[in-house]
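Please keep the sequence and the structure at hand while reading.

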Amino acid sequence: MRILVFGAGSLGTLVGGLLASVHDVTLVGRNRHVSRVSKTGLDIVDAESAHVSPAATTTETGHDADLALVTVKSFDTPAAAEALEACDVDAVLSLQNGMTEEVLESALDVPVLAGTATYGARLVAPGRVECTGIGRVVLGVLDGGTSPLAERVGKAFRDAGIRTLVAADMPRRRWEKLAVNAGINAVTALSRVENGGLAAGEASEVAHRAARETARVARFEGARLPNRVAREAIDRVIDQTAANRSSMLQDVEDGKRTEVDAINGAVVDTAEQYDYEVPTNRTLAALLRAWERGEGLR
Ligand code: KPL
């Protein structure tokens, strides 16, 4: 399969690198790391380290591919959609935080699959990505159900050794993922702890409250996400990714803009449509935005 990976951050590089072992992959990104990969290839560091040579380019338009895998930060999604409009791709799969698929779907005239990924990844140096946790990719049709396309993409991922499930209940899974991110990302970023630091204590309480509020909002939106399921999901991710630094913690440590608008901010915005108060998400969003303003990032 010819796969275009839009977004050469840690997750995009890891997944793109794994896919490159059996597929024709082009990594598209703006950073120094992309130039390095185009010259000397990519080292994937994990239990069995590998060296792969995906094509890598900073040119965003004019590509031809069977699938565009979008892994850019949520706030870069409109720009990615615009660039993809100037490419010839047959389908799109988003593996991003936040509800970005709708942005892609409204801009592009090709099927958009939804996906979640729990692989841990860290860019250790230009041209070098570390797999910090073997998780799973779950993908499927945005509105639920199955399709031959979703099955084909699932097979392409599995052929590359990526643990992948094709799921028929993506609407619920997307909300579950948002509940997990709403709980873990902002709290780890503000308290500067790894995900495992939320296993118990006051910060854990705050994370669980944010996830519970998100589950309530999900139910307003018609997704079947009981509080118990959201709680089990966040506990599972805290446990399985205990040693990971969340993407938002990494952003804060690197002095970069965070995805708070697409995570806690999105929960607040959706709750407002139902006149429902989500004080924990509101507070987390306000604190992260204040930090971003202080850093001159917004
Ligand atoms: O998606 C994540 C992130 O860091 O953005 C979690 C699931 C919290 C893993 O770290």
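## The shell around the ligand

Sorted by class, the residues of the shell around the ligand are nine polar and three nonpolar, with no charged residue present. The model in which this shell is described is a predicted one. The residues that surround the ligand are Asn 97, Thr 118, Val 180, Asn 181, Ile 184, Asn 185, Asn 195, Val 237, Thr 241, Asn 244, Ser 246 and Ser 247.

Which helix gives the most to the shell around the ligand? That helix is α6, spanning residues 170–191, which contributes four residues.

## The eight-stranded sheet

Eight strands form an open sheet with mixed pairing, and their order across the sheet is β5-β2-β1-β7-β9-β10-β13-β14. The edges are taken by β5 (55–57) and β14 (164–166), each of which pairs on one side only. Between neighbouring strands of this sheet the average turn is 20°, with direction ignored.

Within this sheet, strand β1 (residues 2–6) and strand β7 (residues 67–70) run parallel and are joined by four bridges; in this pairing Val 5 stands opposite Leu 69 of β7. Helix α6 packs on the sheet, where α6 touches β10 (112–117) and β13 (137–141), and the direction of α6 makes about 40° with that of β10.

## The four-stranded sheet

A second open sheet, also with mixed pairing, consists of four strands in the order β4-β3-β12-β11. The edge positions belong to β4 (50–52) and β11 (120–125), and because each of these has a single partner strand, one side of each is left without a neighbour in the sheet. From one strand to the next, the twist averages 25°.

Helix α1 (residues 10–19) lies across β3, β4, β11 and β12 (128–133), and α1 runs at about 95° to β11.

## Helix α7 against helix α8

Two packed helices are described by the angle between their axes and the distance between the axes. For helix α7 (residues 202–220) and helix α8 (residues 227–240), the packing angle is about 135° and the axes are 9 Å apart. At that angle α7 is therefore oblique to α8, and α7 passes α8 in a right-handed crossing.

On the α7 side the contact is made by Ala 207, His 208, Ala 211, Arg 212, Thr 214 and Ala 215, and on the α8 side by Asn 227, Ala 230, Arg 231 and Ile 234. Taken by class, the residues of this contact comprise five nonpolar, three polar and two charged.

## Helix α10 against helix α11

Helix α10 (residues 264–273) and helix α11 (residues 279–294) have axes that come within 8 Å and cross at roughly 135°. These two helices, α10 and α11, are therefore oblique to each other, and α10 passes α11 in a left-handed crossing.

Which residues make the contact of α10 and α11? From α10 they are Asn 264, Gly 265, Val 267 and Val 268, and from α11 they are Asn 281, Arg 282, Leu 284 and Ala 285. The residues of the contact of α10 with α11 divide by class into four nonpolar, three polar and one charged.

Key: Residues numbered from 1 in each chain as written. Predicted model: local features only at pLDDT ≥ 70, side-chain atom pairs only at ≥ 80, totals over all residues. Near = placed C-beta within 6 Å. Nonpolar A, V, L, I, M, F, W, Y, C, P; charged D, E, K, R; others polar. Axes fitted to C-alpha atoms, helices over the stretch in contact; angles between N-to-C directions. Parallel < 35°, antiparallel > 145°, perpendicular 65-115°, else oblique. Left-handed = near helix turned anticlockwise from the far one by under 90°. Contact = placed C-beta atoms within 7 Å. Pairing = 2+ DSSP bridges.
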